[in-house]
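Let's take a walk through this protein together. Have the sequence and the 3D view open side by side as you read.

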Amino acid sequence: MDSKLTKKRLSDFFSYEWILTLIVAAVAIVAMELIYTVSAARLSTGQKFKFYLDEDLSSFESYSVYELLDVKTGENGKTFSYDVLSVETENLNSSYNVLSVRLSVQEGDAIFTSAAEKEDKSVRAKTLIDEFSVYDLDGLYNSANEYLSQFKTAEGFDEDAIRAYFDKRMKGDNRFRTETEKEEGRENEIARIKKLAKDVEDFGKLLNSETENLFYYYTKYEQASNGDVNDKNYGAAYEKTKENGALRYGINMAVLTGGKKNVSDYLKLGDTGSAENVVLLLFDFSSFQYDLQFESISFVCTLVREFSDILG
């Protein structure tokens, strides 16, 4: 067998070796991507907080509102708890409003929209309440208190119960693998529950406020049915909601005054230069994000504290 090393054979070897190296590198990249995809932590619905500025609002203010929240995701920040890992905002466009697409995958927690009546007599805020799952504020408050009750005792909070709940809730979460990480997580969970309790208490004060025109009232499906209980599409639904009367679905943002910040510097309806007729609505995805649904209460409380003196 002729095994003599020649220049041609050496050249052929390196040519094949180079091809093999490229193949191995490509396989390695694909394998690493697969490993990353499988092992990476997937954000749950509640861990992503997103708020929208609707199509009738000025599109230049969303980041200003974002900055107001003083977001520190993954920590105990000013507004959200450690378990909110992403906070986003998006301006919606009337030419192609993607809200229904976003909400179909539970991407959204709050929206600033318009309560002004259009030429066709419709109101955008009413349309959203009719079409999507929007929390009435009293229902949200009651749900939050029910959630917190499982951790409360006559003396205060049962921190052992919170720790146990954390272990159950975070089972399989790859952020908490070592005992040190788990213990840090338990302490953050205790802080989350206590902060939520304070925000829910303040939310209750807000709901009890006697500030005139603070809340946006509406009877769901009234607009969709044109107030006709015989409407073939919405009549039956309207007849049912009509029994409970108008509920408090939103907050009239322009009514928030006396705070450190002027709300009209942050939210404007079209080119009016004012927050008049701007309403804040909160989406209900509690069946997907029960533990973190109430971060929307913290969102509201931050805005109320910044724009008004209602909470002292």
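Find N277 to begin with: it sits in the loop between β7 and β8. Keep in mind that you are looking at a predicted model. The phi angle of N277 is near 70 degrees, a positive value in a residue other than glycine. That deserves a second look, since most residues other than glycine have a negative phi.

N226, in the loop between β6 and α8 (235–242), is not a glycine either, and its phi is positive, near 55 degrees. N226 has 69% relative accessibility, so it counts as exposed.

Now follow the loop that holds N277 into the strands on either side of it. Strand β7 (residues 247–252) and strand β8 (residues 278–282) run antiparallel and are joined by three bridges.

Which strands make up the open sheet, and in what order? There are six, arranged β2-β1-β3-β8-β7-β6, and their pairing is mixed. At the edges are β2 (86–91) and β6 (215–218), each of which pairs on one side only. From one strand to the next, the twist averages 30 degrees. Helix α9 (residues 295–307) packs on this sheet, where it touches β1 (48–53), β3 (110–114), β7 and β8. The direction of α9 makes about 155 degrees with that of β8.

Helix α5 covers residues 137–149, and at 1.5 Å a residue its 13 residues should span 18 Å; the end C-alpha atoms are 18 Å apart, so the two values agree. Its buried residues are L137, G139, L140, S143, A144, Y147 and L148. Viewed down the axis of α5, these buried residues fall within an arc of 165 degrees, which means that they line one face of the helix.

Finally, step back to the whole chain. It contains nine helices and eight strands, and 44% of its 312 residues count as buried. Among contacts between residues at least 6 apart in sequence, 74% join residues at least 24 apart. The accessible surface comes to about 17100 Å², with 50% of it belonging to carbon and sulfur atoms.

Key. Residues are numbered from 1 along each chain as its sequence is written. This is a predicted model: local features need pLDDT of at least 70, side-chain atom pairs count only at pLDDT 80 or more; totals for chains, interfaces and linings use all residues. Side-chain values use heavy atoms; hydrogens and water are left out. Helices (H or I, at least four residues) and strands (E, at least two) are DSSP runs, numbered from the N terminus. The expected span of a helix is 1.5 Å times one less than its number of residues. Buried means under 20% relative accessible area, exposed over 50%, partly exposed in between (1.4 Å probe, protein chains only). The arc is that of the directions from the helix axis to the C-beta atoms. Contact means heavy atoms within 4.5 Å. Accessible areas come from the Shrake-Rupley method with a 1.4 Å probe; for residues, only the protein chains shown count as cover. Two strands pair if DSSP finds at least two bridges between them. Axes are lines fitted to C-alpha atoms, for helices over the stretch in contact, and angles run from 0 to 180 degrees between N-to-C directions.
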